[in-house]
Amino acid sequence: MVTFLFPNQNEGPVGVILARKGLRMAEDDIYTKDGTVDMRKNPANKKKTGNWMACRFILGNECCERLAYYGMSTNLVNYLQIRLNMDNVAASNSVTSWSGTCYITPLIGAFLADAYLGRYWTIASFSILYVFGMTLLTMAASVPGLKPSCDSTGCHPTGGQTAATFIALYLIALGTGGIKPCVSSFGADQFDETDEVERKKKSSFFNWFYFSINVGAMIASSVLVWIQMNVGWGWGFGVPAVAMAIAVVFFFSGSSLYRLQKPAGSPLTRILQVIIAACRKHGVRVPEDKSLLYETADDVESKIEGSRKLEHTNKLKFLDKASVETENDRMKGQRDAWRLCTVTQVEELKSIVRLLPVWASGIVFSAVYGQMSTMFVLQGNTMDQHIGPSFKIPSASLSIFDTLSVLFWAPVYDKLIVPLARKFTKNERGFTQLQRMGIGLVISVFSMVTAGGLEVVRLKYVRNNNLYDAENIPMSIFWQIPQYFFIGCAEVFTFIGQMEFFYDQAPDAMRSMMSALSLTTVGLGNYLSTLIVTIVTKVSTRHGKLGWIPSNLNKGHLDYFFWLLAILSVVNFFVYLLVAKSYTSKRATGHLR
């Protein structure tokens, strides 16, 4: 090919130079330019690694892992009530606290991935721990001695049996925490963002990634919940355990096709270096000419492994002091990283600080999202769950309509909404990521309003027919479908937008950490829900009252709880508008090391 391009290459030094340039251009077309390597630590070949051929294994892994997670967690509140003999508030708070932990532990996995192990080995290691947790939970639900004894009066768990269940649950929380922040980023790593064609595919990847999550969730919330309520908890937890084992097989099967980003060392160390250097130089004046800051103009590549340079931004100017090179710094010769930091290092910290307000606005949304596994289920437990004369659908299975909503809206958004919006906004994504998240926040309000309205109608029916002591009222559970549908639609806008936004806006060498940070909104949302339930219960039960959320919901006011969340969501949306309006995007330059 080189001879064809340069027929006179052997006639002199000019021909040799042209030939070498042609060879280099050919090599540039073969290998990625984003710093990724293959499993043998060689530069990643575009034709043989990554792209959709690698992503099919990642999507298969995610589908099976989410089937395992949701198959175990969707109906967990009922398991705690039935087998561990907990009341409504205790079961709800236990689930939200555990679920919250599942979304806080990603910080551990993300740190290990970015600093030391890389995303591939972090996923591999924590997957094994995950399988151990799922196996122990299955044993706690099925093995005599570990399984609580039950009779006509209910189940009677011992302290040891309860402990075994929660040890298994928190092993799962640690396992899923190690995986969760890495898989979406690992999938996005399979597309070279310096290649225009692959960059467009990456935007689609996040939609299909979330689609695969919900395929697993759909099977979990329908088939597995039915098995748990009608066949037994041993089978109900055993199938998810097998699904998790299959997820591990899926992941390792694609190893030869993966592109790997190299770990860049501890991001926390780099953050601390900037803070300490800036504090040490608090009296130093930042030059007007920002090209005088350390590493602004001299280097094409960043000094941080696996990261591009970041251009200087004018906000948070105090931190710029860390990259002011003083006479004392020059006299020392070798740079002291705790006294002088690169502009890219400073901008890494600025990027994180700028993301925090956007991150915080997702907490209330996640509290709303968390109601699907708690208050929606408890509300459904009071309604008529029959389909025909004999088949009874578990209330937790109604979450399948959330899943169906996501499965409907994810491709509709990708194939219809984006092309249509692109004509008006001229943005290649249709909506900006911030606009997309904001639309989801608005839709989430409708979910709470719908749930509250249904509860008003349900309580009115109870009062009119004096059904206060009825276990189920003759009102179809399928009236809950709209509130699940709105939640699913909101997810497609907010959660997928958030996933893509945090990946794009994160510094290159901190993408797992930023993915984990975005996931902590779900954890903190669950903790917020637990806090709200605790406060509401304490306040509403004063003076001997039953409160908003008593054991018998027919005598309570669950609608007030939904109205409260709707109001919080509206306030949160207006705060988000202010945050989004003032946000400054990162500006990367050069190429990865």
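Let's start with the second largest pocket. Its lining divides into 8 nonpolar, 12 polar and 4 charged residues. Keep in mind that this is a predicted model.

How much space lies in this second largest pocket? About 630 Å³. Its lining has 24 residues. Nearest its centre lie Asn78, Gln81, Asn381, Thr382 and Glu471. Find those five on the screen. Three helices each supply at least two lining residues: α4, residues 76–82, α8, and α13, residues 375–381. The largest share comes from α4, with 3 residues.

Now the largest pocket. It holds about 780 Å³ of space. There are 32 residues in its lining. Glu428, Arg429, Gln433, Glu500 and Asp504 are the ones nearest its centre. Which elements give two or more residues to this lining? They are α8 (196–230), α14 (400–425), α15 (433–464) and α16 (481–505). Here α8 gives the largest share, 7 residues. So how does this lining split by class? We get 16 charged residues, 8 polar and 8 nonpolar.

On to helix packing. We describe two packed helices by the angle between their axes and the distance between those axes.

The pair to start with is α12, residues 343–369, and α15. They pack at about 25°, and their axes are 10 Å apart. Angles under 35 degrees count as roughly parallel, so α12 and α15 are roughly parallel to each other. The crossing of α12 past α15 is left-handed. Who touches whom? From α12 we have Val358, Ser361, Phe365 and Val368. They meet Leu434, Met437, Gly440, Leu441, Ser444 and Met448 in α15. That contact has 7 nonpolar residues, 3 polar and no charged.

Next pair: α3, residues 51–73, and α5, residues 88–102. Their packing angle is about 160°, with the axes 12 Å apart. Over 145 degrees counts as roughly antiparallel, so that is what α3 and α5 are. Is the crossing of α3 past α5 left-handed or right-handed? Right-handed. On the α3 side, look for Tyr69, Met72 and Ser73. Across from them, α5 brings Trp98, Ser99 and Cys102. By class, that contact is 4 nonpolar, 2 polar and no charged residues.

To recap: α12 and α15 are roughly parallel, and α3 and α5 are roughly antiparallel. The lining of the largest pocket has 16. Thanks, and over to you.

Methods: Residues numbered from 1 in each chain as written. Predicted model: local features only at pLDDT ≥ 70, side-chain atom pairs only at ≥ 80, totals over all residues. Heavy atoms only, no water. Axes fitted to C-alpha atoms, helices over the stretch in contact; angles between N-to-C directions. Helix = DSSP H or I, 4+ residues; strand = E, 2+ residues; numbered from the N terminus. Parallel < 35°, antiparallel > 145°, perpendicular 65-115°, else oblique. Left-handed = near helix turned anticlockwise from the far one by under 90°. Contact = heavy atoms within 4.5 Å. Nonpolar A, V, L, I, M, F, W, Y, C, P; charged D, E, K, R; others polar. 1 Å grid on protein atoms, 1.4 Å probe; cavity = no way out; pocket = protein on both sides within 12 Å on 5 of 7 lines; lining within 4 Å. Points joined across faces, edges and corners; volume = space filled by probe spheres on them.
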